[in-house]
Amino acid sequence: MRSKPQHPGPPNGHLLAACVVLLLGFSTQPTAAAPVAYVIHISIDGLRPDAITALGPSNLPNFYRFRTRGAFTDNARSDYDYTVTLPNHVTQLTGRGVLGTLGHGWTANSDPPSGATLASNKGSYVAGAFDVAHDHGLRTGEFASKSKFVLFDTSWNAVNGAPDATPPDNGQDKIDVYLNIGDTAALVNALVTNMTAQPFGYVFLHLTDPDSVGHASGWNPAPGSAYSNVIKLMDARLGVIFSLVQTNLQLAGRTALVLTADHGGSGTDHSLNTLKEDYTIPFYVWGPGVLAGADLYRLNATNRLNPGTGRPTYADPIQPVRNGEAANVSLKLLGLGPVPGSTIGTNQDLALTIPSPTDFALRLAGTDAVLTFTTRLNVLYDIQRSDSPGMGSWSNLVTNLPGTGGVVTNVDFGALDSAPHLYRLNLHF
Ligand SMILES: [Zn+2]
């Protein structure tokens, strides 16, 4: 949200001099406690990020809206052991890997046996993002396009869901609306209808089409292939969702989208967990407070490691971005804590923006304005000035000033000679 002007900084004795008023502000959004009221968590089945790159922004304006207006990576990872649909969706919703004592334990990828739940399979309750959202009073929804996704509605229904330990008691049924429609155009329309009538605080949407086409015709990312064409169709689905969240008065400016996938694919399969085409997936976040165009690995240089073409285990000290982060990133956006029992992104530390400097300050030296602020390494700063801020006209004094980790100083020579000025910083990479 780089272009959005912010409130000027706090009043400061340095801001007034003679008859010239100098004000300071930032053009990144400050981190609010919970700027987001609604999260739509989208998983596109079998989505390969290189198919998005191959088609480009003119073919995929909505995927590219995530890339240019959101924070993203095309190099996230699926579960380590499994690159098939249902285990990876349990991972997305629970924030757990599949195997091991801390894993969710759901390895099957077919329709669950009647009445089977995550808890009956694991031998103990397995909580998901729905638990946290619903227990905190949010309306929740699951909109899926494969029949096996009934697993979630069964696992977290009025009988099998955990008692709500967070007063008031919102009940054991953690998913308020469950819809399963194979036709994803109809599914997305139903989501829009429901969101318009009564918004979901947290809703999960699964779009099956790329997986179906991949199995039938191959995961060929080249434009013109059947697989590539279905990615364009998915872009149209995203366009319907963007239209909703940007035009609906209740949702606009208060809704975030989290987009990832369960796995990629190669040939007509995706089950080989050692194949990079199978385990490489996108992870995109768009919404208020998310830095436009930011690469998630650059934003998280110390706490996430770009795995290159590798396949890091869960034991690696610095983890890649994983699809299993979707649950805890969604909850963080909503101002909620992590999923109990989760192990992926549990400390909710995936940064989606850069904190603005708290010490952006100005002093006068003769007729010059001296601007100082503490920078962060790897971040680029533009210092902008407006002589008529109400008109939205800003000009760059300096662009792409590299952050050093220390304080930088910049002088606007002769600032006192002309009209009042407003200064602001624009942070980016
Ligand atoms: Zn599949």
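The C-alpha centres of domain 1 and domain 2 sit 40 Å apart in what is a predicted model. Domain 1 takes in 13-28 + 354-428, while domain 2 runs over 38-333.

**Where the domains meet**

- Four residues of domain 1 touch four residues of domain 2.
- On the domain 1 side of that contact, you'll find one nonpolar residue, three polar ones and no charged ones.

**Confidence**

**Helix α1 against helix α9**

- Helix α1 (residues 49-59) packs on helix α9 (residues 226-247) at an angle of about 50 degrees, and the two axes are 10 Å apart.
- That angle makes α1 oblique to α9.
- The crossing of α1 past α9 is right-handed.
- From α1, the contact uses Ala51, Ile52, Ala54, Leu55 and Asn59; α9 brings Tyr227, Ser228, Ile231 and Lys232.
- Sorted by class, the α1 and α9 contact has six nonpolar residues, two polar and one charged.

**Helix α2 against helix α9**

- Helix α2 (residues 61-69) packs against α9 too, at an angle of about 65 degrees with the axes 7 Å apart.
- Pro61, Asn62, Phe63 and Arg65 make the contact from α2, and they meet Asp235, Leu238, Gly239 and Phe242 of α9.
- This contact of α2 with α9 splits into four nonpolar, two polar and two charged residues.

**Backbone details in the loops**

- Proline 167 and proline 168 are joined by a cis peptide bond, with omega at about -5 degrees.
- Proline 168 belongs to the loop between α6 (150-155) and β6 (177-180).
- Glutamine 348 has a phi near 50 degrees, which is a positive value in a residue other than glycine.
- Look for glutamine 348 in the loop between α12 (326-333) and β11 (361-365).

Terms used:
Residues are numbered from 1 along each chain as its sequence is written. This is a predicted model: local features need pLDDT of at least 70, side-chain atom pairs count only at pLDDT 80 or more; totals for chains, interfaces and linings use all residues. Axes are lines fitted to C-alpha atoms, for helices over the stretch in contact, and angles run from 0 to 180 degrees between N-to-C directions. Helices (H or I, at least four residues) and strands (E, at least two) are DSSP runs, numbered from the N terminus. Angles under 35 degrees count as roughly parallel, over 145 as roughly antiparallel, 65 to 115 as roughly perpendicular and the rest as oblique. A crossing is left-handed if the near helix is turned anticlockwise from the far one by less than a right angle, and right-handed if clockwise. Two residues are in contact if their C-beta atoms, placed from the backbone, lie within 7 Å. Ala, Val, Leu, Ile, Met, Phe, Trp, Tyr, Cys and Pro count as nonpolar, Asp, Glu, Lys and Arg as charged, and the others, Gly among them, as polar. Domain bounds come from an automatic or database domain assignment.
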